[in-house]
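Open the model in your viewer and keep the selection tool at hand. The tour below goes from one selection to the next and says what is there.

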Amino acid sequence: MLRRPRRNRKTEVIRSQARETNVGVENLIYPLFVVDGQNHKSEVKSLPGQFRMSLDHLLNEVEECMNLGVMCFDLFPAVEESLKDQMGTYGYSKDNFYLKYIKQVKSRFPEAMIMTDVAMDPYSSDGHDGVVRDGKIVNDETLDVLAKMTLAQAEAGADIIGPSDMMDGRVEYIRNELDYNGYTDVSIMSYTAKYASAFYGPFRDALDSAPKFGDKKSYQMDPANKREALVEAELDYMEGADYLMVKPALCYLDVIHMLKEEYPIPIAAYNVSGEYAMLKAAAQNGWIEYDRAMPEMLLSIKRAGADVILTYFAKEFAELNKA
Ligand code: PBG
């Protein structure tokens, strides 16, 4: 045998020379759930280890994570039901606590990168990402609301805007809104191929944002489709997105890989709540070795082609890596 692949696996030193992929804390974005109030920190039942936090706890969390090297955070607001309406107006209201939190985090930690969520669902009394008319989610009217949310978040100091709504034409629409108002440096990480997935359940528990009727299949993609992601990617790329995201991650590694091959900008993947919850549940039952399975999952997402991974594992990964 002239070629014996095992020679390149014989010691850890050799193995680390031969290693093709590495995940580092710089690749990770940590999603955090925030609520209005003070001294509030409650665990999300279906997301063990993840919390809804008021500003005081949020600032502590951000500081702890930054000490571990995690520098980028995606904030999601859990909004009281009484503040929700059909047009999601609280999303860009001057009293919105989420906008105040963004401002506070940025003034306390200017070097932290803050990503924000643009979609109507946290604020919509219908629990949908767009405006509902006669039981349908209307596209073009929604764009106006998304643009208002975007501008409010940019004014609050957001570094990266994350449109997670899947309306057609929204990247160009919000890019224009940002640019006309002087926010040419604010980035857009577009949820490009966001699938109508069953793996968002725990997230909707966290925000209490499940649709009040129907489902999201008229705007989120069919899990059966791969080529269609190229249509979404081409549009987002041409409309000025700075990153293209695939969501969820683990069931869609082929889509991540395809976008990485086709587009010369950073590819992001959202390792969603259901993916986190599955591993946590198995670990709690003693059915899987968490400390090995978790980095293996992140590695698979990176190997598929993701440059950036949004993941609830971010802090624990950083702690493991430091140890
Ligand atoms: C909604 C939104 C969802 C997630 C992020 N933004 C859920 C949905 O589309 O219903 C899911 C994230 C996760 O499951 O971790 N705009």
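Start with the cysteines: this predicted model holds 0 disulfides. Select Cys65, which is in no disulfide; its nearest cysteine sulfur belongs to Cys72, 11 Å away. A disulfide is a covalent bond between the sulfur atoms of two cysteines. The cut-off used here for such a pair is 2.5 Å, and the 11 Å from the sulfur of Cys72 to the closest cysteine sulfur, in Cys65, is too far for a bond.

Keep both residues selected and look at their surroundings. Are they buried or exposed? Cys65 is buried, with a relative accessible area of 0%. Cys72 also counts as buried, at 12% relative accessibility.

Next, select the ligand. The space taken by the ligand is the largest cavity.

Now show the residues around the ligand. There are 16 of them, and those that come nearest are Arg204, Lys216, Lys247, Ser273 and Tyr312. Colour this shell by class, and it divides into 7 nonpolar, 3 polar and 6 charged residues.

- Ser164: an N or O atom in the side chain is 2.8 Å from a nitrogen atom of the ligand.
- Asp121: a polar side-chain atom lies 3.0 Å from a ligand nitrogen atom.
- Lys247: here the distance from a polar side-chain atom to a nitrogen atom of the ligand is 3.4 Å.

Finish with the surface of the ligand. How much of the ligand's accessible area does the protein cover? On its own the ligand has 400 Å² of accessible area, and the protein covers 100% of this.

Conventions: Residues numbered from 1 in each chain as written. Predicted model: local features only at pLDDT ≥ 70, side-chain atom pairs only at ≥ 80, totals over all residues. Heavy atoms only, no water. Buried < 20%, exposed > 50% of the residue type's maximum accessible area, 1.4 Å probe, protein only. Near = heavy atom within 4 Å. Polar contact = N/O pair within 3.5 Å; in protein donor to acceptor, adjacent residues only side chain to side chain. Areas by Shrake-Rupley, 256 points an atom, 1.4 Å probe, with all protein chains shown as cover. 1 Å grid on protein atoms, 1.4 Å probe; cavity = no way out; pocket = protein on both sides within 12 Å on 5 of 7 lines; lining within 4 Å. Sits in = over half its atoms within 2 Å of the grid points. Nonpolar A, V, L, I, M, F, W, Y, C, P; charged D, E, K, R; others polar.
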